[in-house]
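Reader: I am new to this structure. Could you show me how to read it?

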Amino acid sequence: MIVYEFKVKGKDKQYQAIDEAIRTSQFIQNKCLRYWMDNKESKVDKYALNKYCAVLAAEFPFADELNSMARQSAAERSWSAIARFYNNCKKKVKGKKGFPKFKKNCRSVEYKSSGWKLSDTRKAITFSDNKGIGTLKLKGTYDLNYYDIKQIKRVRLVRRADGYYAQFAIDIDVRVESQPTNQIVGLDLGLKYFIADNKGNVEQSPQFHRKSQKQLNRANRKKSKKFSKERNKAKQRQSNNYHKARIRYARKHLKVSRQRKEYCKKLAYSVIQSNDLVAYEDLNVKGLVKNRHLAKSISDAGWYTFRSWLEYFGHKYGKVTVAVPPHNTSQNCSNCGEKVKKSLSIRTHVCPHCGYTEDRDINAAINILRLGLSTMGHTGTYATGDLPSWAVGASLLSNGESLNVESPPL
Ligand SMILES: [Zn+2]
């Protein structure tokens, strides 16, 4: 499965229609969640939610206006949040189990194989349900003419700070034959470095977010200055100047997240190209981000994005990616195996047992590679039967920044 993204061009009225479709999709997701919460004894499953969509369409005219498969798609999104929660409970994940939440700021709506039609040139798409989106021009460098329409499994409309986008999820096998490199690598994801490998190579942290922080802060202050508490109290709309400032701020954020994505993608591509096996830590990024002191640097670092691209390219080029449990990879001595306790501030591993001295992160990378080799055959999230993180439906859940939009020049 591959996702291509285009910017779409239409009239303001059409953009409003897209917003309305997104709102309806969100409404259905939330209604499905409520239905599941209210009927827990009766074991509401995926199919029950699908059926419930028809009930909603009969009850609410605006839900009826949305294409029926787009309604189902909304129910599926709701279900995937519920399924994730069930899964966490079953696996007895420590701490919060991620009870599904009601959506407030959905930014996308997803159609499946009906409710839309591509033009003959495939440079425009027409939505035919009763939301009134109509025909949108597709702006981008990809050519949809290469694919059979049947291969397009989903079409998703996404709202971002700088406009509207259409994503096409195309069912093709992206795998490409590649020559073995006879190289294997273990990666440590660090704070001092972005990654360090077992051979001693390090890739410095990009720290986009910090660099742009000044600009972001300024934009944020401007936004706050224009926010009127009185209007908020009176439930009036904020001024146009406030909304302008808000959009400027959001665009800055978008720019930073795109930079990070490009960076992660290029790095993951080069790691996959130069190795046959890549081992890395199976970090619970969510848990780590909760630690306030680390939070900034970690979400800065974009490991999640990096890992997703690593797994994607690994699949594409037939390379093995192994996620290993991160227990003690930085503590244990990679030379003799003894545990050598050290706090985060100690950057060098000095083993009192065998005298081995190495950079902390490189020592960890060696341990990771060894663990990776010993768990071979269990290749990360992909071999466990779960969907890989870049699969459609898995990555197309969240806010609309999908990870696997391929761009031609790498
Ligand atoms: Zn040692």
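Author: We go from the whole chain to a sheet, a metal site and a few single residues.
Author: This is a predicted model, where local features need pLDDT of at least 70, side-chain atom pairs count only at pLDDT 80 or more, and totals for chains, interfaces and linings use all residues. Residues are numbered from 1 along each chain as its sequence is written, and side-chain values use heavy atoms, with hydrogens and water left out.

Reader: How many helices and strands does the chain have?
Author: Helices (H or I, at least four residues) and strands (E, at least two) are DSSP runs, numbered from the N terminus. Here there are 13 helices and 14 strands.

Reader: What share of the residues is buried?
Author: Buried means under 20% relative accessible area, exposed over 50%, and partly exposed in between (1.4 Å probe, protein chains only). Of the 410 residues in the chain, 46% are buried.

Reader: In which order do the strands of the open sheet lie?
Author: Strands of a sheet pair through backbone hydrogen bonds, either parallel or antiparallel. Two strands count as paired if DSSP finds at least two bridges between them. This open sheet has seven strands in the order E2-E6-E7-E1-E5-E4-E3, and the pairing is antiparallel. E2 and E3 (116-118) are the edge strands, each pairing on one side only. On average, neighbouring strands are turned by 30° against each other, direction ignored.

Reader: Which residues stand opposite each other?
Author: Take two pairs of strands. E1 (residues 2-9) and E7 (residues 163-170) share six bridges, and Ile2 stands opposite Ile170 in E7. E2 (residues 108-111) and E6 (residues 152-160) share four bridges, and Tyr111 has Val155 in E6 as its bridge partner.

Reader: Are the faces of E2 covered or open?
Author: In a regular strand the side chains alternate between the two faces of the sheet. In E2, both faces are covered. Ser108 and Glu110 are buried on one side, Val109 and Tyr111 on the other.

Reader: Which strands does helix H1 lie across?
Author: Contact means heavy atoms within 4.5 Å. Axes are lines fitted to C-alpha atoms, for helices over the stretch in contact, and angles run from 0 to 180 degrees between N-to-C directions. H1 (residues 12-38) lies across E1, E2, E5 (134-139), E6 and E7, at about 85° to E2.

Reader: What are the protein donors of the zinc ion?
Author: Donors are N, O and S atoms within 2.8 Å of the metal (3.2 Å for Na, K and Ca); water is not among the atoms, so sites may look incomplete. The SG atoms of Cys333, Cys336, Cys351 and Cys354 lie 2.2 to 2.4 Å from the zinc ion. Their spacing in sequence is C-x2-C-x14-C-x2-C. Cys333 and Cys351 are both buried.

Reader: Why is the arrangement around the zinc ion tetrahedral?
Author: Four donors count as tetrahedral if all angles lie between 85 and 135 degrees. The four donor atoms here subtend angles of 107 to 112°, so the arrangement is tetrahedral.

Reader: Is Arg122 buried or exposed, and is Lys235 buried or exposed?
Author: Arg122 is buried, because its relative accessible area is 17%. Lys235 is exposed, because its relative accessible area is 78%.

Methods
Tetrahedral: all angles 85-135°; square planar, octahedral: opposite > 155°, others 65-115°.
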